[in-house]
Amino acid sequence: MQRAEAKPSRSSWELSHSQSMLFKTVQRTLFYVLMVGLALIFAGPLLWMLSTSLKTDPQVYHVPPIWIPNPVRLVNYPEALSSRPFGAYTFNTVRYALTAVAGALISNTLVAYGFSRIRWPGRDLFFIICLSTMMIPFQVRMIPLYITFKNLDWLNSYLPLVVPTFFAVNAYYTFLLRQFFLTIPSELSDAARVDGCAELGILLRIILPLAKPALAVIGLLQFMFAWDNYIGPLIYLNTESLYPIALGLQQFRTMFQEALMWPYMMAASTAAIAPVIIIFFFVQRTFVEGISITGLKG
Amino acid sequence: MKTMDGNVNTTTNLSRRRFLQWSAVGMGGAALAAACATPAAPAASEDAAAPAEETVEIAWWHAWGGTTGMAAMVGVAEAFNAEGRSVQVERLHVPEMNDKLLAAIAGGTPPDVGVCCVQYAQLYSRGAVMPLDDFIDRSEIIQHDAFVDGLIESMQWQGSTYGVPGFEAGPRYGLMYNKALVEEAGLDASQLPRTWEEMFEWHVELTRFDDAGNVEVVGFDPRDATAGNGPATNIPQFWALTYGLDIWDAETNTFNYDDERFISALTTLKRFTDHVGVQQMESFRSSFSGWTQSPSSSFPSGVQAMLVTGYYAPGELSHSAPDKEFGVGWAPVAEARKGATFQSVGGHPMYIPNGVENVDAAFEFIEFCTQDKAQNVIFENTGWLGGLKEIYDPDLPKYQKYSGLDWFLRSVNDATELWACPVIPIQGFVNQERSRTYEAVIFGDKEPEQAAQDMQEACTEEMRKQFPELLG
Amino acid sequence: MYTFTAQRWNRSRTRSLLKGLAFISPWLVGFAAFVLYPIAASAYYSLTRYDVLRAPRFIGLENYIELFTKDEIFRTVLSNTVYLVVLGVPAGLVVAFLLASLLNRKMKARPLFRTIFFLPVLVPAVASAEVWRWVYNTNYGVINAMVKSWGLPVIPFISSMQLAKPSLILIHMWTQGTAIIIFLAALQDVPRSLKDAARVDGANALQRFWHVTIPICTPAILFVTLTGMIGMFQYFTLGWLLTQGGPNEATEFFSLYLYRNAFQYFKMGYASALAWILFVIILIFTLLIFRSSARWVYYAGES
């Protein structure tokens with residue numbers, strides 16, 4: 001703190017070398033104080049989940065809330081996870097999520113390319129129609145959609161959840177990828193076109209390598225969506241052994257009091273989001289400042 | 001890959017409705033691959049693939065979860081399947097029943113048996129579930145008059161019975177109080193308030209504020225638990241009942257909200273809230289959850305002295321407030337009805353959707369659920385009662401586990417009035433409208449007279465739209 | 001752009017049209033198979049009285065007429081929702097962009113910080129709701145415990161008609177993980193050479209941010225604004241968990257009311273009419289934003 005008070009006045013522009021070093025140190029310290037403070041606020045719910053997942057029952061309901069459990073009840077984790085068949089739920093969810101990610105990446109890459117890197121008459125109109133499918137709430141589309149899948153004889157399977165991802169039905173991802181494709185300078189593809197490169201070749205060889213961060217984001221978001229999706233599986237699945245984790249977690253929910261409901265629910269939830277956190281960790285590594293587009297060969 | 005097969009399927013499996021053809025043309029003639037069926041069509045038969053042996057498999061959906069709730073449901077299904085019958089039940093936990101059930105009925109793929117938690121009356125009145133009277137008449141196991149008065153009536157619509165009480169039935173009204181708080185306030189628990197006038201005096205004595213004017217203890221919250229009804233689909237409307245008013249006339253299918261008694265009820269509700277202050281009461285409510293299930297709810301945590309609630313409260317309180325003592329007595333009534341004691345036994349129906357194939361098998365499972373074997377599994381895990389008269393015996397050893405439960409059991413026989421939950425075909429609308437009306441009154445947006453009249457008009461108008469054929 | 005003869009112009013147009021359609025063909029198939037019918041059906045339902053359990057009954061525009069002339073809740077719902085969108089979307093956008101810029105800087109434990117700021121969208125909504133319920137609690141919440149210890153009247157947050165919506169917007173500002181990673185991805189496109197050039201020209205950090213970083217990120221900003229708006233118009237989960245429309249309808253938003261109508265009142269026709277009104281409102285906002293985007297969004301691929 002004393003060092004902070006020694007901060008040089010802003011009016012003196014001529015800073016000696018050591019003063020400027022000091023200024024930088026103070027600035028950096030303040031920056032980290034700010035970041036740690038913000039981080040605590042943003043980590044709040046996870047800390048609460050962790051804390052609750054380790055509590056005994058009376059501690060959950062203590063007023064005011066207790067943040068550090070005492071005693072730490074680690075056994076909540078094995079107890080909660082073995083109380084329902086979470087092994088099967090995890091297998092179902094992983095299979096669903098990975099297939100959906102593949103579907104979203106393949107289909108949206110193609111469609112977003114058509115909506116961004118090629119000029120064709122009617123493109124904007126089609127694009128607005130594509131976007132507008134996001135604007136009708138799912139609640140009123142749900143029942144006709146259910147009837148569609150019933151007629152396809154796809155109920156009680158993951159087909160209704162997985163197949164549409166291969167057809168770019170979620171305009172959110174298409175739109176996101178389109179925006180990123182549009183930031184890639186047109187000179188790059190024009191040059192390739194002059195060289196006789198076909199559109200698909202341009203997409204694969206020029207656009208995709210440059211859009212890695214965006215593809216990573218779409219993969220992550222689709223994975224998260226599938227991981228958390230609750231209403232879709234609820235509607236389409238009629239066998240509990242097919243349930244995904246999100247529906248497994250719902251089985252802890254209850255309207256009446258029972259011992260360890262919150263600790264179990266939070267232990268299972270914490271275990272359930274761990275894989276997503278790990279995936280996020282890897283995805284964010286693609287965001288390294290300073291990829292220089294202009295430096296690439298066109 | 002399956003994707004591709006499925007896609008081929010889309011183009012071959014078409015059964016369109018006329019408007020769809022129109023819309024396909026209207027929207028540019030895009031290849032219409034979405035097939036559809038008539039929404040209220042009966043169940044499709046193709047999924048009734050019979051197992052190799054002669055056992056019939058039926059699907060049973062329930063919304064209850066939680067460790068104990070799941071244990072009870074799993075236990076009931078296992079007990080049934082272990083009986084060596086020709087029927088086997090496959091259980092499914094459906095946390096959001098409304099969404100799934102509506103889609104399933106529309107798609108013609110409903111379960112064989114359902115229980116908890118939808119707007120039951122809306123299913124009965126719209127012909128979505130089967131009348132069960134013929135089955136009950138033929139049954140050797142259950143009879144119409146085997147259930148507590150008022151219970152099976154709450155599952156009837158226009159003379160037919162659409163549900164059988166299987167799970168979680170019981171008396172809904174008792175005035176529970178925190179013994180320590182009542183004692184501290186110098187009140188005599190042997191003379192519980194019997195009218196709203198007396199109740200208000202207790203409310204004033206029991207409510208406490210700190211120096212800054214923040215409320216610390218609330219005497220009585222007129223909208224907590226069964227007084228406010230919450231989202232409950234099988235409890236009569238408490239406030240009107242205490243004034244002796246049945247808000248629904250099943251003969252004429254009309255409402256009685258434009259009644260002096262309902263206006264008085266609203267006035268009383270506001271009076272209790274005003275003593276605490278509406279903002280303070282709202283804050284109190286959002287700070288503490290209601291009812292009795294959680295130790296951090298207001299009543300179990302000792303910051304609310306009185307609560308109108310049902311038979312499950314003694315069991316819940318033994319978990320949520322093991323260190324506190326509670327008493328129970330009759331819920332208060334209007335001054336003019338002093339001396340009346342009323343009770344209502346509500347419960348969740350087990351129902352069979354229309355179009356189900358294995359109706360007999362489904363009914364066999366329902367029968368099983370009403371009986372001792374299933375009921376004991378349920379009570380052991382959750383403390384829930386069933387609907388048969390014979391189980392309302394306060395002296396049964398299994399009921400001695402929770403203090404106060406015997407009062408509820410006894411009240412069923414002692415009450416001067418036993419009310420059935422009205423079967424209102426626009427139940428969901430009415431419940432929400434009721435909450436809105438209570439809020440409009442306590443926030444001072446409307447005078448009770450105006451609010452009652454508006455409520456009457458809104459509900460009548462809604463009936464006229466949904467069921468014009470039922471109104472003269 | 002097209003400076004050929006009419007005939008060649010046509011042929012080239014046709015070729016580009018076919019090329020475009022070929023690329024978007026997965027979507028065309030998906031749209032026809034899984035999107036068109038549900039949308040068309042909901043449009044039809046909006047002209048009917050339909051409770052899902054009985055066949056729909058055609059009533060023309062009656063649902064729409066009732067919504068605009070009789071339904072008082074609809075008016076409340078509309079103004080609540082517009083309030084949420086107009087204040088919430090920009091607030092979320094600014095927070096997300098600033099945090100993403102911070103998280104793009106070189107720093108110690110950067111992956112850890114990024115993960116933490118992303119967390120609020122990862123944890124289940126019930127967990128977030130519990131934490132916020134505690135933050136806003138008037139009796140022992142983190143803020144009001146302090147207020148009370150000073151002997152002041154508590155701040156009612158979500159239980160107050162005035163503060164409930166701002167309190168929900170505050171939560172929204174804190175659940176910006178998705179927008180943050182989208183901006184992080186977008187920030188990778190800011191060429192360092194451009195920043196370096198600006199630095200050489202004597203631009204300070206703020207000027208570089210304003211004149212280099214933001215313009216390059218405008219496509220992502222447009223995306224986050226539009227999808228944020230579309231999402232906010234359909235705001236549901238945390239409102240449902242925390243306030244359920246209360247107090248006194250201060251947080252009764254479009255999707256809540258729509259859900260009640262569809263699945264509690266079994267009024268799918270009315271709910272569909274609500275959905276189509278919402279559709280038109282969102283579409284108008286979208287087209288306005290799109291039109292304006294020509295003036296402020298910079299696409300390197302569109303020059």
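The contact between chains B and C takes 41 residues from chain B and 34 residues from chain C, where two residues are in contact if their C-beta atoms, placed from the backbone, lie within 7 Å. On the side of chain B that touches chain C, α2 (18–26), α4 (97–106), α12 (278–287) and α17 (427–442) of chain B each supply at least two residues. Helices (H or I, at least four residues) and strands (E, at least two) are DSSP runs, numbered from the N terminus. The most is given by α12(B), with six residues. By type, this side of chain B divides into 18 nonpolar, 15 polar and eight charged residues; Ala, Val, Leu, Ile, Met, Phe, Trp, Tyr, Cys and Pro count as nonpolar, Asp, Glu, Lys and Arg as charged, and the others, Gly among them, as polar.

This is a predicted model, in which local features need pLDDT of at least 70 and side-chain atom pairs count only at pLDDT 80 or more, while totals for chains, interfaces and linings use all residues. Residues are numbered from 1 along each chain as its sequence is written, and chains are lettered from A in the order in which they are written.

Helix α13 (residues 312–320) of chain B is mostly covered, with seven of its nine residues buried, that is, with 20 or more other C-beta atoms, placed from the backbone, within 10 Å of their own. Among the buried residues are Tyr312(B), Pro314(B) and Leu317(B). Their cover includes strand β6 (164–171) and helix α16 (405–414) of chain B.

The largest nonpolar core has 334 residues; such a core is a set of buried Ala, Val, Leu, Ile, Met, Phe, Trp, Tyr and Cys residues joined through C-beta atoms within 7 Å. Its largest share, 17 residues, comes from helix α1 (residues 6–45) of chain C.

Definitions and conventions: A residue is buried if 20 or more other C-beta atoms lie within 10 Å of its own, exposed if 12 or fewer, and partly exposed in between; C-beta atoms are placed from the backbone.
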